[in-house]
Amino acid sequence: MDQEALNDVERGMVRLRRGMSRQRLGKAAIREHNLPVDVQVLHVVDIVDEGPERPGQEVSVGLVAARLGVDASRGSRIVAEAVKSGYVRRVASQEDGRRIHLELTDAGRAVVEATRRTRREHFAKAMRNWTDAERAEFARLLSRFVEGYGD
């Protein structure tokens, strides 16, 4: 494996993580669309929109907490805020009526589309000098990387 290329990827990922950890895109979406929510609520909405990890699974508070990297009680508080904001609702499970899963409301779907639009605009700006072929190749390789990274 090319050590120099691997080092470049590692440094690039650190810079990307640092930029994302400042929640720049979430804050931009809140500002640009005048959303009266916390960035953590946007993360919950994104996670619910992403859906379960495997077929037959439902999006639960536990899954949200795991994806956010927080404990169950913190995850529960953030989900409660998303529900209170009207973006997510709790629904009885189709598999087991005693369990609750989460789904987006119409307002939540509107927030998802607004934040996606903001992210796409920022990504387009970052790639504004790229050719269509370069963008397509980057998308292909990034998808491949993400799939391999999860293994």
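**Salt bridges and a helix contact in a predicted model**

Good morning. I begin with Glu103 and Arg89, whose side chains form a salt bridge with an N to O distance of 2.8 Å. A salt bridge here is a side-chain nitrogen of Lys or Arg within 4 Å of a carboxyl oxygen of Asp or Glu. Glu103 belongs to strand β2 (residues 100-104) and Arg89 to strand β1 (residues 88-92), so this pair ties together parts that are 14 residues apart in sequence. Helices (H or I, at least four residues) and strands (E, at least two) are DSSP runs, numbered from the N terminus.

Before going on, a word on the source. This is a predicted model, in which local features need pLDDT of at least 70 and side-chain atom pairs count only at pLDDT 80 or more, while totals for chains, interfaces and linings use all residues. Residues are numbered from 1 along each chain as its sequence is written, and side-chain values use heavy atoms, with hydrogens and water left out.

How exposed are the two partners? Glu103 is partly exposed at 28% relative accessibility, and Arg89 is partly exposed at 35%. Buried means under 20% relative accessible area, exposed over 50%, and partly exposed in between, with a 1.4 Å probe and protein chains only.

By the salt-bridge rule, the count comes to 11. One of them joins Asp46 to Arg119, with the closest N and O atoms 2.9 Å apart. Asp46 sits in helix α3 (residues 39-50) and Arg119 in helix α6 (residues 106-126), so the pair ties together parts that are 73 residues apart in sequence. Arg119 is partly exposed, at 22% relative accessibility.

Another salt bridge, at 2.5 Å from N to O, pairs Asp106 with Arg109. Both residues lie in helix α6, three residues apart, which is about one turn of the helix. Asp106 is exposed, with a relative accessible area of 59%, whereas Arg109 is partly exposed at 42%.

There is also a network of salt bridges, linking Glu50, Glu53 and Arg67.

I close with helix packing. Helices α3 and α4 (residues 61-68) pack at an angle of about 115 degrees, with their axes 10 Å apart. Axes are lines fitted to C-alpha atoms, for helices over the stretch in contact, and angles run from 0 to 180 degrees between N-to-C directions.
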